[in-house]
Amino acid sequence: MMRDALVYLAAAVVCVPLAKRLGLGSILGYLLAGVAIGPWGLRLVEDVESIMHFSEFGVVLMLFVIGLELEPQRLWGMRGAVFGGGTFQLALSGAVLAAGGVVLGMSVTAATVAGLALALSSTAIAMQTMAERNLVPTPMGRSAFAVLLLQDIAAIPLLAAIPLLAAHAWTGGSPPWQQAGKVLGAVIAVLVIGRYLTRPVLRVVASSNIREVFTAFALLLVIGISQLMSLAGVSMALGAFLAGVLLAGSEYRHALETDIEPFKGLLLGLFFISVGMGIDFGLLESTPKVILVIFAGLIVLKLVTLWAVATVMGVGSAQRWLFAALLAQGGEFAFVVFGVAETAGVLDAQRSGQLTIAVALSMAATPLMLLLHDKIAAWRAGAARRPDDEIRESGNPVIIAGFGRFGQIVARMLYADGRRAIVLDHDTEQVELLRRFGYKVFYGDATRLDLLRAAGAADACLLVNAIDDMADSLALTDRVREHFPKLPIIARARNVTHYVELKSRGVDVVERETFESALRTGRHVLETLGVDRFRAREIADAFRRHNLATLEALVPHFRDEARVLTEAKAGREELREFFARDRAQFETEQRKGWKAGS
Amino acid sequence: MTGRKTVICVVHAHPYPTRSRTNRALADALRKMEGVDFRALYDLYPDFDIDAAAEQKAVEQARVVVWMHPVFWYSVPALMKHWFDKVLAYGWAYGDGGAALHGKHCLWVPTTGGDERDFTPTGLHAHPFAAYAPSVEQTARFCGMRWEPPYVIHDAIAIDDGGLARHVAGLVERLARWRAEPVVGEAVTR
């Protein structure tokens, strides 16, 4: 176990950065690492199948995270693309690929099963690639995702149908209506768990303030739902996706995402490694021509049919080949289908093995196809202008860290003006309360880099640092300055020390939380003493201006206590003189009026 | 306001009312009148945060609108100008459906620091005072108001007590005419 971990991690650490450096992308790096350590490479790992099985959980976690980013309304808005575009893709690619199978001499039944299985794409590879290239939020990315989603939904009935296609009669398993009832039950269970049970439990777990317990619960949630779904015979990934969608609107979304992310990444890597290990070079050696024909046929037919699907789904003409290249590979589900088909006697062992290798090769070919696509696109664009960047639907939000008495007013003002703000707070009770009032607040520690990233700090136009704890506030400032140096900060200061600390960190806009209200109070006092309201305001304005100037002068020397004391004392003297002068001027003006100077 | 129906809405703009002699005397007298809604802008909105809806409502309820202020740099004080900008809005005072002020009487009460000699071709201000009035007058006329002969008070700083008392009484009397005989008062104006 430890030895295996050593091998996997070492292979990944060596191969992935190398592949990235060579411009091949991380996925090809993992695949090559798998080939290198697998049975046909250095033979460091033997039990490929169980590793594959285990690492498939990476795909489950990925779909959970994808679900987290997709709120139910948005998913509902995609229904046309999923059921229309997705079904069209599966039918078209499946039919064309099946015809190809018949041409190769397969029976119609076998060709249909193989064709449909090959029509499925690899969610892991496609989504990972799109994420690396930042394509997920684009219209093209959403269409690709819709297709992948339908494939995940369709994979289960496909699997269930294989025994029915088999020459011999139905053996074992539960009758269809019972199966349907189980699926329905599982989906309802996930809906109830995701919608009603998870948030209260998350709240309790989060308020315990033990981070690893929160992480443990996040994993428990995903694993539990996956198990439930697989008991009912539904794709685990689909169940996890559904659970993710149900939690997308919750305050724990970013925290869950942050905690699941490293597991997802590692397991996905492991998954790609196991695909690399699973390529049977022995079979490739014995029937190279057949495999190459299947591989080439798969890629070509799928590219063409996907291009047609992209056209029908309204993908922009410049991006149709990209769409096709992203989805042209065979998917991890094809491995399972071939296995089942072989057991059911629909495919013979040799054909099943050839198909499996062709799919694995097509996965490895994806990064290369994309490189080729980029080259061709660049060549076609010539030295002409670069295409416009896709405008993200999400826009550039304002991030507000800290939603207490202070941040709340800022956020409410923005909401009132119809602006979008992403609010982060780590007080569970506060988050819960505000959610009940309908505010979009996310639970989490804003000083954590991964959470900032999940909240969109890289794209945000502004960060409002309204955290009340001074140490946390400064930690957040340092973190943002280091990792998002272009993100402007508007900060709340608890007192003068805090103000100076923030200013010396390069924060341009700092407001002392009590200063303005104290000035207003001062105005009320003057008014009560009989000073005209407007005059009281002018006095407060003058005081503010002078006070800020004094404070600014302190910033460079704030660590030098003696200097600070002299500056402050000088400031007070100046202020007295200034007010005396101002008062004299005011009196003269009021007494002499327009006669002055005449 | 006295709780009785408002007849006259006085919009008063003086940044330092307690420092003023003439404006304070005028304000004190007008505040005591029945049917007068006295709106001291610099007290209501020292931050220039004029509540346009409240101001419009006040004006709507009156038949006579008085603009009273010291003259600053041949014009109205900044907050009075801001009141024009915010309260005399499109769709209310002018433009589409903007008829809220139609037919209301507008009386301008400017106070100046100069005396009448200053407002002559050879005086300090080089023009008669009437030469500085058109922008205010046209503001009222543009909104469909009836422009009354302005009640101008010169020499507001140096004026003696008797002179000031006569001015106050004169203004109160002019306003009282509208209050006492509304219908006839309207017919009398030119």
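This is a predicted model: local features need pLDDT of at least 70, side-chain atom pairs count only at pLDDT 80 or more; totals for chains, interfaces and linings use all residues.
Residues are numbered from 1 along each chain as its sequence is written, and chains are lettered from A in the order in which they are written. Local features need pLDDT of at least 70, side-chain atom pairs count only at pLDDT 80 or more, and totals for chains, interfaces and linings use all residues.

Let's turn to chain A itself. Its secondary structure comes to 26 helices and six strands (DSSP runs, H or I of at least four residues and E of at least two, numbered from the N terminus). Of the 598 residues in chain A, 43% are buried (20 or more other C-beta atoms within 10 Å of the residue's own). Among contacts in chain A between residues at least 6 apart in sequence, 70% join residues at least 24 apart.

Helix 1 (residues 2-21) and helix 2 (residues 25-37) of chain A pack at an angle of about 135 degrees, with their axes 8 Å apart (axes are lines fitted to C-alpha atoms over the stretch in contact, and angles run from 0 to 180 degrees between N-to-C directions). The residues making this contact include A:Val7 and A:Cys15 of helix 1 of chain A, and A:Leu28 and A:Tyr30 of helix 2 of chain A. By class, the contact has 13 nonpolar, three polar and one charged residues.

Key: Two residues are in contact if their C-beta atoms, placed from the backbone, lie within 7 Å. Ala, Val, Leu, Ile, Met, Phe, Trp, Tyr, Cys and Pro count as nonpolar, Asp, Glu, Lys and Arg as charged, and the others, Gly among them, as polar. A residue is buried if 20 or more other C-beta atoms lie within 10 Å of its own, exposed if 12 or fewer, and partly exposed in between; C-beta atoms are placed from the backbone.
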